[in-house]
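I opened the model today and kept notes as I went. What I looked up is set down below, entry by entry.

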Amino acid sequence: MSQLLSFEKEFGKNFITDEKELEKASEDQYLVSPIIKNLSKKAIGLLKIDNENDIRTAIDISYKHNIPLVARGAGTSTIGQVILLKPSVVLDFNNMKGIEYDKYVSVKPGTKVLETLNYLRKRGKDLMVYPSSFYISSVGGYVAGGDVGIGSFQYGYYFDESLVQLKVIGFNKEEEVKGKYVWGFAQAAGTTGFIVDSSFKLTDFQDWKDYIIEGDDLLSLLVNIKKLDRKRVRRVVIEDHDAFSVVAKGRATSNKQWITIVSSTEPLGSEINLNFMDELAFAAVYVTMSKISPFKNYFYEVRLFPIERFLSIVTKVKSVLGNKVLIHGDVMTLKGKIIIYTVFISDRENFELIDEIMRSEGIPFEIHSVEVNDRVDDPDRLSLMKRYKALMDPKDLINPGKLRI
């Protein structure tokens, strides 16, 4: 393509058109949704980003020739954040690394979350919330596409308390935003500009141990969850017997109908060494299940339930489908209320029945949509995203098609 000559001339060997490299850059590493996967287009170029000037130059070329740009870190998103809806040049941010620590920690986008955690823990500090894919994901990718994660039981969304400042580059515009204005970029899937620096408020590092609490009465388990002390409990996961048995096979067993796994600084239930806990956190569970579930026509859906609705809906679904559906729930605190990130895993043909139950409850959430609008649960945040999209990317060339204006 003649319009790519400007990239080749400006960036030399950092601009890649090798077919195998472009194929890798066109897929999400954790792309498990068959609906999203069918939307993906192929990259027309891959640009290794080393610094902020590279980004500015890439945007200038993009706007001159109307070439879409999509930022990519580790590519661990499960929601289609980095798939291409149009043939695009992919900007690889993995070389843009760095950590600075004073009152807050400031991190460059290509820095791995695990690198950040290791850096902080040597200093007795920790991120308040971080993704379940922390061992492979990048900070920039999490900020651009994530929302919850490990620590959400204590602090909720990472952008509510932890994220304090962002630096973002767009077309002829650069922003350093603080406070609620980070909402215009956090979870926006990189549609509102390229994040080049993220600053986080921290918490003290604590030695968490995993405990298992079992029971046949789901109501009693949920009542006990309400009583947990958020100063001491880092993480809470709910599994039905069938889901737990599949993931924990050969490593842990239970003969009860419901299992709660709690990461805490104080003893709760029976202590166990669950070296597979990362496989059970938020989106990681349906990535894991895509590989090991018993279902031939594997499919999943996610809903966010207040704790009372979780009880009623899950009870209805299990009463009809039994072990034909697996239930997983990560317990969060959003705006002071307990909300359960609930994953239903089954054969695809069973979801007509599951969706019928969902529709009767009227809970909006669409995990199989690439559009940010279908996942943002706060109109003020969505309004800020739209405002910054118009300001930073008026042609919709930065991750195009992912944010409806």
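This is a predicted model: local features need pLDDT of at least 70, side-chain atom pairs count only at pLDDT 80 or more; totals for chains, interfaces and linings use all residues.

**Entry 1**

I began with the pairing of strand S13 (residues 233-240) and strand S17 (residues 325-334). They run antiparallel and are joined by three bridges. I looked for a facing pair and found glutamate 239 opposite histidine 328 in S17.

**Entry 1: five strands**

I wrote down its order as S5-S6-S10-S8-S9, with antiparallel pairing. From one strand to the next, I get an average twist of 15°.

S5 and strand S6 (residues 105-107) run antiparallel, with three bridges between them. Here tyrosine 101 faces valine 105 in S6.

How many bridges pair S8 with S9? I found six, in the antiparallel sense. Lysine 167 sits opposite glutamate 176 in S9. The two strands make a hairpin with two residues between them. In that turn, asparagine 172 has a positive phi of about 55°.

I asked which strands helix H4 (residues 52-65) lies across. They are strand S8 (163-170), S9 and strand S10 (194-200). H4 runs at about 45° to S8.

Helix H5 (residues 113-121) lies across S5 and S6. I read its angle to S5 as about 30°.

I listed the buried residues of H5: Val113, Thr116, Leu117 and Leu120. They span an arc of only 100° around the axis, so they sit on the same side of H5. I then followed their packing. They pack against S5, S6, strand S7 (125-127), helix H6 (139-145) and strand S11 (202-204).

**Entry 2: positive phi**

I looked up two loop residues. Asparagine 66 has phi near 55°, positive although the residue is not glycine. Asparagine 66 lies in the loop between H4 and strand S3 (69-72).

Glutamine 187 also came up, with a positive phi near 70° in a residue other than glycine. I placed glutamine 187 in the loop between S9 and S10.

Is each of them buried or partly exposed? Asparagine 66 has a relative accessible area of 47%, so I logged it as partly exposed. Glutamine 187 is at 4% relative accessibility, so I logged it as buried.

**Entry 3: proline 394**

I turned to the segment after helix H14 (379-392), where proline 394 is found. Its relative accessibility is 54%, so proline 394 counts as exposed. What does proline 394 touch, leaving out residues up to four places away in sequence? I found Tyr63, Phe171 and Lys389. I also took a distance from proline 394 to aspartate 380, 14 residues apart along the chain. Their C-alpha atoms are separated by 20 Å.

**Entry 4: the chain as a whole**

I finished with the totals. The protein chain has 14 helices and 18 strands. Its radius of gyration is 21 Å, close to the 22 Å from the globule rule for 405 residues, so the chain is as compact as a globular protein of that length. Along the principal axes, the C-alpha atoms fill a box of roughly 65 × 50 × 40 Å.

I looked at burial next. Of the 405 residues, 59% are buried.

Last, I checked contacts along the sequence. Among contacts with a separation of 6 or more, 72% come from residues 24 or more positions apart.

Definitions and conventions:
Residues are numbered from 1 along each chain as its sequence is written. Side-chain values use heavy atoms; hydrogens and water are left out. Two strands pair if DSSP finds at least two bridges between them. Helices (H or I, at least four residues) and strands (E, at least two) are DSSP runs, numbered from the N terminus. Axes are lines fitted to C-alpha atoms, for helices over the stretch in contact, and angles run from 0 to 180 degrees between N-to-C directions. Contact means heavy atoms within 4.5 Å. The radius of gyration is taken over C-alpha atoms; the globule rule is 2.2 Å times the number of residues to the power 0.38. Buried means under 20% relative accessible area, exposed over 50%, partly exposed in between (1.4 Å probe, protein chains only). The arc is that of the directions from the helix axis to the C-beta atoms.
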